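Hi,

Here is the structure I promised to pass on to you. Have a look at it first, and then read my notes below.

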Amino acid sequence: MKRSNRLVVLTDFFLENPRKHIQLPYFVELCHTTKSSISEDLDIINDVFEEQGLGYLQRSTGAGGGVKYIPEFEVDKSELFLEELRQKLADPSRILPGGYLYMSDLLGDAKIVREIGRVFASAFSKMDIDVVVTVATKGIPLAYAVASFLNVPVVIARRDPKVTEGSSVSINYVSGSSRKIQTMVLTKRSLKDGANVCIIDDFMKAGGTINGMISLLAEFNAHVKAVGVLVEADDEDEERIVTNYTSLVKVSKVDMLQKKIEIQPGNIASL
């Protein structure tokens, strides 16, 4: 196989299989070439990935040595995307009763959701994560976007048990926004005991829902390695019960009378 062809094949493989460790003999057979040629190809691909702000190839030596693609978002590109996201969220027409923001259009935009997933995955790329967990329903597209870059499965906690999913574990928790007692359910087959988990959610006020997920995951002896929140609300009247999290943007003020929204960078800017 010509080098130009090999570069296309290898690049496509890495983009479709992020964080998957592959030994070099696999690529030698795939491209019908030599180990030294593959090694040179990997150098070229790694240089391009780094130059374009797409991440890098992590290589290891020894008997079990190989390579895996670590997707990362270049800082400048990430900041530019997050600034565009803040501007979209600052549109006064998004204000809903109760001080909430309409975000369904953003969560339905595949390109925006994919970039959100890339930003979160970049922040968590060096963590050992086995699964991304979210609660139905608005966090689902974000969870799948993050999981696609981390190359791990998605597990969805629901409000009601489904007979088609078998036996489940449920807990009651207090919603941070409504102060109501709600139920969260996770099927027993969905999560292995002791899994390393990344929690993803679209909106956090006091953090009741995320705290509920953490409590539910404790029933599976899961280890919460990261918590990613698209939008956090800076509400002085609500005591934040979740402190260890990564947010992309923060709503600092919603003036329903003046129709104004103040959007600030989330704490990811300081990480």
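**A network of charges**

Arg3, Arg6, Glu40 and Asp41 are joined to one another in a network of salt bridges. By salt bridge I mean a side-chain nitrogen of Lys or Arg within 4 Å of a carboxyl oxygen of Asp or Glu.

Before you go further, please keep in mind that this is a predicted model: local features need pLDDT of at least 70, side-chain atom pairs count only at pLDDT 80 or more, and totals for chains, interfaces and linings use all residues. Residues are numbered from 1 along each chain as its sequence is written, and side-chain values use heavy atoms, with hydrogens and water left out.

**The overall picture**

The protein has eight helices and ten strands. These are DSSP runs numbered from the N terminus, with helices being H or I of at least four residues and strands being E of at least two. Along its principal axes, the C-alpha trace spans about 65 × 45 × 30 Å. Of the 271 residues, 47% count as buried. Here buried means under 20% relative accessible area, exposed means over 50%, and partly exposed is what falls in between (1.4 Å probe, protein chains only).

**Back to the salt bridges**

How many salt bridges are there by this rule? The count comes to nine. One of the pairs is Arg3 with Glu40, whose closest N and O atoms are 2.7 Å apart. Arg3 sits in helix α1 and Glu40 in helix α3, so this pair ties together parts that are 37 residues apart in sequence. Arg3 is partly exposed, at 32% relative accessibility, and Glu40 is partly exposed too, with 42%.

Then there is Arg118, whose side chain meets that of Glu115 in a salt bridge (3.5 Å, N to O). Because they are three residues apart in helix α6 (residues 110-124), about one helical turn separates the two. Are they buried or exposed? Both Arg118 and Glu115 are buried.

Arg240 also has a partner, Glu232, and the closest N and O atoms of this salt bridge are 3.0 Å apart. Arg240 is partly exposed, with a relative accessible area of 22%, whereas Glu232 counts as buried at 4%.

**How α1 packs**

Helix α1 (residues 3-16) packs against helix α3 (residues 35-51) at an angle of about 60°, and their axes are 10 Å apart. The axes are lines fitted to C-alpha atoms, for helices over the stretch in contact, and the angles run from 0 to 180 degrees between N-to-C directions. The two helices are therefore oblique to each other. As for the wording, angles under 35 degrees are roughly parallel, over 145 roughly antiparallel, 65 to 115 roughly perpendicular, and the rest oblique.

Helix α2 (residues 24-31) is another neighbour to look at: its axis and that of α1 come within 11 Å and cross at roughly 135°. That makes α1 and α2 oblique to each other as well.

**A patch on the surface**

Leu96, Tyr100 and Tyr102 form a nonpolar surface patch, with about 250 Å² of accessible area together. Patches are made of residues with over 30% relative accessible area and no salt bridge, where like charges are joined within 9 Å and nonpolar side chains (Val, Leu, Ile, Met, Phe, Trp, Tyr) within 5 Å. The areas come from the Shrake-Rupley method with a 1.4 Å probe, and for residues only the protein chains shown count as cover. Tyr100 lies in the loop between α4 (75-89) and α5 (104-107) and is partly exposed, with a relative accessible area of 31%.

**Some spots in the loops**

Where does Thr137 lie? You will find Thr137 in the loop between β3 (131-135) and α7 (140-150). A cis peptide bond joins Ala136 to Thr137, with omega at about 15°.

Asn221 has a positive phi, near 55°, although this residue is not a glycine. Asn221 is in the loop between α8 (208-218) and β8, and is partly exposed at 45% relative accessible area. Lys259 is not a glycine either, and has a positive phi of about 55°. Look for Lys259 in the loop between β9 and β10 (260-265); this residue is partly exposed, at 48%.

Happy browsing!
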